Amino acid sequence: MADNETYSFFAPQDVMRECAQRVRALRIRHRIPQTELAERVGVAVGTIKRFEHTGEIQFRVLLEIALVLNRLEDFIDLFKMPDAPFSLYHTQEPIPRQRARKKFF
């Protein structure tokens, strides 16, 4: 097991549903009906309804929704590499990937 492994107690479906619930709450707070959000994003109303119910949506469409709800900046740091090392024992730079050597039989 690698030293920098972390464990999550969330399944991807749980995160999807939580994200959808937050988007729905923001949409309601901004007083934007599903039909208007769908129109502004450029998708069918069913896409918005399905997303708010199941959490399933294309990433591009999710970014468009975030833009409409003024939350696009939330995605900027999504997979940002940490500035600080994971621990004091792991301060070295990661080893760059190299191609595997060809095997000769």
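Phe59 is partly exposed, its relative accessible area being 49%; under the terms used here, a residue is buried under 20% relative accessible area, exposed over 50% and partly exposed in between (1.4 Å probe, protein chains only). The model is predicted, and local features therefore need pLDDT of at least 70, side-chain atom pairs count only at pLDDT 80 or more, and totals for chains, interfaces and linings use all residues. Residues are numbered from 1 along each chain as its sequence is written, and side-chain values use heavy atoms, with hydrogens and water left out.

Phe59 belongs to helix H4 (residues 59-68); helices (H or I, at least four residues) are DSSP runs numbered from the N terminus. Together with Leu78 and Phe79, Phe59 forms a nonpolar patch on the surface, with about 380 Å² of accessible area in total. Such patches are made of residues with over 30% relative accessible area and no salt bridge, nonpolar side chains (Val, Leu, Ile, Met, Phe, Trp, Tyr) being joined within 5 Å and like charges within 9 Å. Accessible areas come from the Shrake-Rupley method with a 1.4 Å probe, and for residues only the protein chains shown count as cover.

Helix H1 (residues 12-29) comprises 18 residues and reaches 26 Å from its first C-alpha to its last, close to the 26 Å expected at 1.5 Å a residue. The expected span is 1.5 Å times one less than the number of residues in the helix. Within H1, the residues Ala20, Val23, Leu26 and Arg27 are buried. These residues lie on the same side of H1, because they cover an arc of only 125° around the axis, the arc being that of the directions from the helix axis to the C-beta atoms. An α-helix has 3.6 residues a turn, so residues three or four places apart point the same way. Exposed residues Arg22 and Arg29 are carried on the face of H1 turned away from its buried side. The cover over the buried residues of H1 includes helix H2 (34-41), helix H3 (45-54) and H4, where contact means heavy atoms within 4.5 Å. Just after H1, Arg31 adopts a positive phi of about 55°.

In H2, the buried residues include Leu37, Ala38 and Val41. Their arc around the axis is only 100°, which puts them on the same side of H2. The buried residues of H2 pack against H1, H3 and H4. Gly42 follows H2 and has a positive phi, near 90°.

Six salt bridges are present in the structure, each defined as a side-chain nitrogen of Lys or Arg within 4 Å of a carboxyl oxygen of Asp or Glu. One of them joins the side chains of Arg24 and Glu52 (3.8 Å, N to O). Arg24 lies in helix H1 and Glu52 in helix H3, so this pair ties together parts that are 28 residues apart in sequence. Arg27 also forms a salt bridge with Glu52, with the closest N and O atoms 2.6 Å apart. This pair, too, links distant parts of the chain, H1 and H3, the two residues being 25 residues apart. Arg24 counts as partly exposed at 42% relative accessibility, whereas Glu52 is buried at 11% and Arg27 is buried at 7%.

A further salt bridge is formed by the side chains of Asp74 and Arg71 (2.9 Å, N to O). Asp74 is partly exposed, with a relative accessible area of 45%, and Arg71 likewise counts as partly exposed at 36% relative accessibility.
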